[in-house]
Amino acid sequence: MRTISIRSFAPTVLLALLLALGCSKPQPASEQPAAAPKPATISVDAATAGSVSGVVNFKGAAPKTKPLDMTADPGCPTGPQPSDAVMVNSGKLANVFIYVKEGLPQGAFAVPTEPVVLDQKGCRYIPHMLGIMAGQPLKITNTDTADHNIHDMPGKNQPFNESQMPTDKPITKTFPTPEMMIAVQCNQHPWMRAYINVMTHPYFAVSAANGSYEIKNLPPGEYTLAAVHEKFGEQTMKVKVSSKMDTDVRFAFTAQ
Ligand SMILES: [Cu+2]
């Protein structure tokens with residue numbers, strides 16, 4: 001009974017093996033499915049490009065912020081330290097992320113190979129708000145005498161959570177997926193906070209201490225420009241960029 005069973009199954013097993021081997025043979029290149037075409041890289045003609053620049057105003061009394069108390073760690077600055085959550089100077093708002101939200105040509109923009117640097121200095125993140133292109137390296141440094149721990153909380157990218165001693169080498173990370181306002185915290189110092197915006201294009205800026213910003217080398221066209229603040233949310237504006245011209249775009253936030 002057993003012998004008959006083996007004999008009757010043997011050709012079937014052999015056939016299955018042959019089929020499996022046949023299937024695993026590499027296909028000639030001509031028969032392989034074509035890879036998805038890469039989007040064409042956009043080249044912007046600097047000779048005809050325009051720009052957008054302006055200022056971010058803050059209307060009304062600046063909200064009171066609580067000074068940061070860093071005395072728990074002797075490696076951090078002593079005495080009350082200014083908060084970096086809301087920075088209003090003479091009616092201008094700093095740390096607003098301004099970016100082109102809509103209207104750019106279809107295609108891929110070249111990703112810079114030079115890293116964006118995020119430093120831990122004076123027991124805060126510098127810069128507090130930053131933009132980076134998807135795939136561009138982020139170089140994280142610690143120039144303090146304090147130990148830090150950098151912990152980001154993305155929704156679409158892979159999170160990281162790593163300690164960095166003052167003598168440690170820089171940590172390099174990349175973000176493959178576009179994502180807005182990824183919060184970064186330090187598990188050692190709860191007041192430390194930064195925000196990372198991962199973009200598909202290079203058209204972004206962060207408002208300086210005097211509220212100013214500039215986005216250069218924009219192809220002429222009509223765009224939606226957005227401005228985001230961690231406490232005051234996002235607002236958008238339609239803008240027209242003409243060849244070799246600078247368009248003045250002013251945003252204004254108010255306390256909510
Ligand atoms: Cu820290």
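## A buried cysteine

Cys 123 is buried, with a relative accessible area of 0%. Buried means under 20% relative accessible area, exposed means over 50%, and partly exposed falls in between (1.4 Å probe, protein chains only). Cys 123 sits in the loop between strand S5 (116-121) and S6. Its phi is positive, about 55 degrees, although Cys 123 is not a glycine.

## The model

This is a predicted model, in which local features need pLDDT of at least 70, side-chain atom pairs count only at pLDDT 80 or more, and totals for chains, interfaces and linings use all residues. Residues are numbered from 1 along each chain as its sequence is written, and side-chain values use heavy atoms, with hydrogens and water left out.

The protein chain has 1 helix and 19 strands. Helices (H or I, at least four residues) and strands (E, at least two) are DSSP runs, numbered from the N terminus. Of the 256 residues of the chain, 40% count as buried. Contact means heavy atoms within 4.5 Å. Among contacts between residues at least 6 apart in sequence, 65% join residues at least 24 apart.

## The copper site

Which residues hold the copper ion's protein donors? They are His 148 (ND1), Cys 186 (SG), His 189 (ND1) and Met 192 (SD). Donors are N, O and S atoms within 2.8 Å of the metal (3.2 Å for Na, K and Ca); water is not among the atoms, so sites may look incomplete.

The angles among the 4 donor atoms run from 93 to 138 degrees, and the site is irregular. Four donors count as tetrahedral if all angles lie between 85 and 135 degrees; four count as square planar and six as octahedral if opposite donors are over 155 degrees apart and all others between 65 and 115; anything else is irregular. In sequence, the donor residues follow the spacing H-x37-C-x2-H-x2-M. His 148 and Met 192 link distant parts of the chain, 44 residues apart. His 148 is in strand S9 (residues 148-153). Met 192 is in the loop between strand S12 (179-186) and strand S13 (193-199). Both His 148 and Met 192 are buried.

## Strand S9 and its partners

S9 is mostly covered: 5 of its 6 residues are buried. Two strands pair if DSSP finds at least two bridges between them. S9 runs antiparallel to S10, joined by 4 bridges. Here Ile 150 has Glu 162 in S10 as its bridge partner. S9 also pairs with S12 in the antiparallel sense, over 4 bridges. Asp 152 stands opposite Val 184 in S12.

Pro 154 lies in the loop between S9 and strand S10 (161-164). Is Pro 154 buried or exposed? It is buried, at a relative accessible area of 17%. Leaving out residues up to four places away in sequence, Pro 154 touches Pro 159, Glu 179 and Ile 182. Pro 154 and Glu 179 are 25 residues apart in sequence and 7.8 Å apart in space, C-alpha to C-alpha.

## Two nonpolar cores

A nonpolar core is a set of buried Ala, Val, Leu, Ile, Met, Phe, Trp, Tyr and Cys residues joined through side-chain atoms within 4.5 Å. The largest has 35 residues. Those touching the most other members are Ile 98, Tyr 213, Leu 218, Leu 225, Phe 251 and Phe 253. Strand S16 (residues 221-229) gives the largest share, 5 residues. Domain 1 (46-107 + 205-256) and domain 2 (110-200) both contribute residues, so this core lies between them. The domain bounds come from an automatic or database domain assignment.

A second, separate core has 25 residues, including Leu 68, Leu 118, Ala 134 and Phe 160.

Most residues other than glycine have a negative phi, and most peptide bonds are trans. Ser 90 has a positive phi, near 50 degrees. Ser 90 lies in the loop between strand S2 (88-89) and strand S3 (92-93). At 78% relative accessibility, Ser 90 is exposed.

The peptide bond from Ile 126 to Pro 127 is cis, with omega near 0 degrees. Pro 127 lies in the loop between strand S6 (124-126) and strand S7 (129-133). His 128 is also placed in the loop between S6 and S7. His 128 is buried, at 4% relative accessible area. Its contacts, not counting residues up to four places away in sequence, include Asp 84, Asn 95, Arg 193 and Glu 230.
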